[in-house]
Amino acid sequence: MKKLSVKNSDALFEAISASRALYLPIEKAGKVDFYPWSKDEKVRLDALQTTRSAKDLFFPQSECFAKFKLDKNAISVDPVAPADEKFVVFGVRACDARSFELLDKVFLADPVDVMYQTRRANGTIVTLACAEPEETCFCMNFGIDASAPGGDARATFVGGSMILEALTEKGEKLLDEVSTALEDASKDDEKALADEKERIAGILKKLPFSSLPLDNIKKQDELEAVQWWKWGELSQGCLGCGTCTFVCPTCQCYDIRDFDTGHGINRFRCWDSCMFWEFTQAAGHNPRLTQMERFRQRFMHKLVYFPKNNGGDFSCVGCGRCVRKCPSALNIVKVIKELGGSDNE
Ligand code: SF4
Ligand code: SF4
């Protein structure tokens, strides 16, 4: 276990960025998101959550993966591989760290998504314990401990220090590489860390959404859940804007689009949203005609279909982003409460 004084954080960031790219929660134009670090940036490790999740660094919103050129009668195809660069993302919260386990189930299953796989292999995730979880957080329902997040290494603020623990080989390697910026943690530091975890656990227990009826949802009949009469009421006001899917760390749907550069075709993969009317539309056929059906699909996938096909794991980590960002105040917590509660009888 290592530590450094919080006021010396820049020394740590400098040591990390000497050998690889470093991404941190940085404030720009009043919003905090993961950006490349430099000394002039406004680092916001105190911000509980970035607007967008760290998913963007492993599964970008848009990326070109092939280029086509027509030369007389021959077509050439050049695959575009993601940059083979090592990087560290520092300050990932517990919920977002868990999202990678869920994304791995999708992108690293056969057939493996090589773009995601390359970034996962090159990326080291340093998590940050949540000192002050907020009322919209409900990660604890998914077995996530915000006081002791996963990742490759974990940071926790204790007093004026940051305690660092390696959790994987990658994490150990990173802490070894930057050891000159760190000192060994003492027994007193270990005790202070344990006390801090206990303090955070106390806050988590008292949060309003700390006990949601997810077990009841697991027991439900799938067809009855689809036919549930409340979907119409719950989806009232949904604008189909897709904000909930774009801020979600576990949403992984994408579309393939071609762009004519005038000199050839660039083929892109871009995020898509099940909330959009043209989602999965093929040959003019639209599988979900109403916004209610699209809304239902999002939650059936997260709460019923995904767990059924992935050993019981829900496709939600309780980050609360969709709860905070929906312009119509629709939210997954309400759906879980109603779908798992007595109203669904
Ligand atoms: S649930 Fe909210 S955020 Fe999601 S598409 Fe509907 S209006 Fe937009
Ligand atoms: S569904 Fe909402 S609360 Fe769950 S992981 Fe996605 S954005 Fe976070």
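These legends describe close-up views of one predicted model. In this predicted model, local features need pLDDT of at least 70 and side-chain atom pairs count only at pLDDT 80 or more, while totals for chains, interfaces and linings use all residues; side-chain values use heavy atoms, with hydrogens and water left out. Residues are numbered from 1 along each chain as its sequence is written, and chains are lettered from A and ligands numbered from 1 in the order in which they are written.

**View 1. The surroundings of ligand 1.** Ligand 1 is surrounded by Cys238, Leu239, Gly240, Cys241, Gly242, Thr243, Cys244, Met275, Cys326, Pro327 and Leu330. A residue is near a molecule if one of its heavy atoms lies within 4 Å of it. Eight residues of this shell are nonpolar, three are polar and none is charged. Here Ala, Val, Leu, Ile, Met, Phe, Trp, Tyr, Cys and Pro count as nonpolar, Asp, Glu, Lys and Arg as charged, and the others, Gly among them, as polar. Ligand 1 sits in the largest cavity. On a 1 Å grid over the protein atoms alone, a cavity is a set of points where a 1.4 Å probe fits but cannot get out. A molecule sits in a cavity if more than half of its atoms lie within 2 Å of its grid points.

**View 2. The surroundings of ligand 2.** The shell of ligand 2 consists of Phe138, Cys248, Pro249, Arg298, Lys302, Cys316, Val317, Gly318, Cys319, Gly320, Cys322 and Ile332. Eight of these residues are nonpolar, two are polar and two are charged.

**View 3. A cis peptide bond at Pro111.** Asp110 and Pro111 are joined by a cis peptide bond, with omega about 0°. Pro111 lies in the loop between α2 (94-107) and α3 (114-122). Helices (H or I, at least four residues) and strands (E, at least two) are DSSP runs, numbered from the N terminus.

**View 4. Two residues with positive phi.** Most residues other than glycine have a negative phi, and most peptide bonds are trans. Lys72 has a positive phi, near 55°. Its place is the loop between β4 (62-71) and β5 (74-79). Lys72 is exposed, at 76% relative accessible area. Buried means under 20% relative accessible area, exposed over 50%, and partly exposed in between (1.4 Å probe, protein chains only). Thr280 also has a positive phi, of about 55°. Thr280 is in the loop between β12 (265-271) and α10 (291-309). At 46% relative accessibility, Thr280 is partly exposed.

**View 5. Phe59 and Trp271, an aromatic pair.** The count of aromatic pairs comes to 17. The ring centres of Phe59 and Trp271 are 6.1 Å apart and the planes meet at 45°, so this pair is tilted. Phe59 is in the loop between β3 (31-36) and β4, and Trp271 is in strand β12, so the pair links distant parts of the chain, 212 residues apart. Rings of Phe, Tyr and Trp (its six-membered ring) pair if their centres lie within 6.5 Å; planes under 30 degrees apart count as stacked, over 60 as edge-to-face and the rest as tilted. Phe59 is buried, at 1% relative accessibility. Trp271 is buried too, at 8%.

**View 6. Charges over rings.** Arg269 lies over the face of Tyr254, 4.6 Å from the ring centre. Lys28 lies over the face of Tyr35, at 5.0 Å from the ring centre. A charge sits over a ring if NZ of Lys or CZ of Arg is within 6 Å of the ring centre and within 35 degrees of the ring normal.

**View 7. Helix α1.** Leu12 is in helix α1 (residues 9-17). Leu12 is buried, with 1% relative accessible area. Glu14 is also in helix α1. Glu14 is partly exposed, at 38%. The C-alpha atoms of Glu14 and Val126, 112 residues apart along the chain, are separated by 15 Å.

**View 8. Two loop residues.** Asp272 lies in the loop between β12 and α10. Asp272 is buried, at 15% relative accessibility. From C-alpha to C-alpha, Asp272 and Gln297 are 14 Å apart in space, and 25 residues apart in sequence. Lys42 is in the loop between β3 and β4. Lys42 is partly exposed, at 48% relative accessible area.

Methods:
On a 1 Å grid over the protein atoms alone, a cavity is a set of points where a 1.4 Å probe fits but cannot get out, and a pocket is an open set with protein on both sides within 12 Å along at least five of seven lines; lining residues have an atom within 4 Å of a point.
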